[in-house]
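Please look through the model below before reading on.

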Amino acid sequence: MKWPHGNRCAAALTFDEDGECVAFGYDRANAQRRLSLQSETTYGPDVGLPRVLDLLESREIHATFFVPGYTAERHREIVADVARRGHELAHHGYLHERPDLLEANEEEEALRKGTEIIQQITGRRPRGYRAPSWEMSARTPGLLKQNGLIYDSSLMGDDEPYHIQAEGHERLLEIPVHWTNDDWVHFGFCSSPELGNGISSPSKVYDTWSEEFLGYYQFGGCFVLTMHPFVIGRPSRIRLLDRMIGLIKGTEGVWIATLEEIADYVTQTGQGRFRPRADMRLEEEA
Ligand code: ZN
């Protein structure tokens, strides 16, 4: 893919501000009476997010923030501040519900509610979407097109933006992600229920992420970091993010952009391969 201004690769910082939806995700039945669990997730919008915003401002970077509607309603002020500071606010469901586990009407409802809240806060409809837990349903691409969203960022089929089948002949732009470049995978931990891979050292994650970034740079891809303010906003990890920003900004030929800017650029220049859905029919269905 050709990047603007002769740059070699693109890089985007993205933050999924899931807020208390994380507590519901860990323990739906008991989250409301588990104060410690709640506090760990409220730390995101209360402490981690302001810290992330200040770092981005000092480094003069605009990023993309995916926020579930429920979290945006609870933390309206800080979410409005994200938009005020020039960042992109994008769609991430209502209660962080996984589209692949929803009925059609439930998925439509989550899309509608999430859109309304972001529109109330920013004055415009979101243009980007990331499926909660990166789990799209087969219906999702078509629904996104119907609702005027121009890109998704949940799939892992390439290292650069590509197009997927939506409905009929419609196509949706995909800006791919990967688990390797997600903070929760490296730092996520929950004692009850037992979840996550444990707590990694920031220097080990820097090794992984910096090598990933340099690989994307070599192959001319689109490096997307996915972070969660309750994870990356902790003191040692915000230093890791600062170190990563130093590497990205210090490397010549990197276009640092929001996902919306990348989507507009790829669309306007008519780039991106078409990758149809894999045919996964089983033998007996053929
Ligand atoms: Zn999320």
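1. In this predicted model, strand β1 (residues 9-16) runs parallel to β8, and six bridges join the two. Within this pairing, Ala10 of the chain stands opposite Cys222 in β8.

2. Strand β8 (residues 222-227) is largely enclosed by the rest of the structure, because six of its six residues are buried. Buried here means under 20% relative accessible area.

3. In a regular strand, side chains alternate between the two faces of the sheet. For β8, both faces are covered. Cys222, Val224 and Thr226 are buried on one side, and Phe223, Leu225 and Met227 are buried on the other.

4. The largest pocket holds about 750 Å³ of space. Its lining consists of 27 residues, of which Asp18, Gly25, His96, Arg98 and Ser133 are the closest to its centre. The largest share, five residues, comes from α1.

5. Sorted by class, the lining of the largest pocket has 14 nonpolar residues, seven charged and six polar.

6. The second largest pocket has a volume of about 330 Å³. Residues that line this pocket include Met136, Ser137, Ala138 and Pro141, as well as Arg275, Pro276, Arg277, Ala278 and Met280. Leu155, Ile164 and Gln165 also belong to the lining of the second largest pocket.

7. What classes of residue make up the lining of the second largest pocket? Eight are nonpolar, two are polar and two are charged.

Methods:
Residues are numbered from 1 along each chain as its sequence is written. This is a predicted model: local features need pLDDT of at least 70, side-chain atom pairs count only at pLDDT 80 or more; totals for chains, interfaces and linings use all residues. Side-chain values use heavy atoms; hydrogens and water are left out. Buried means under 20% relative accessible area, exposed over 50%, partly exposed in between (1.4 Å probe, protein chains only). Helices (H or I, at least four residues) and strands (E, at least two) are DSSP runs, numbered from the N terminus. Two strands pair if DSSP finds at least two bridges between them. On a 1 Å grid over the protein atoms alone, a cavity is a set of points where a 1.4 Å probe fits but cannot get out, and a pocket is an open set with protein on both sides within 12 Å along at least five of seven lines; lining residues have an atom within 4 Å of a point. Grid points are joined across faces, edges and corners, and a volume is the space filled by probe spheres set on the points. Ala, Val, Leu, Ile, Met, Phe, Trp, Tyr, Cys and Pro count as nonpolar, Asp, Glu, Lys and Arg as charged, and the others, Gly among them, as polar.
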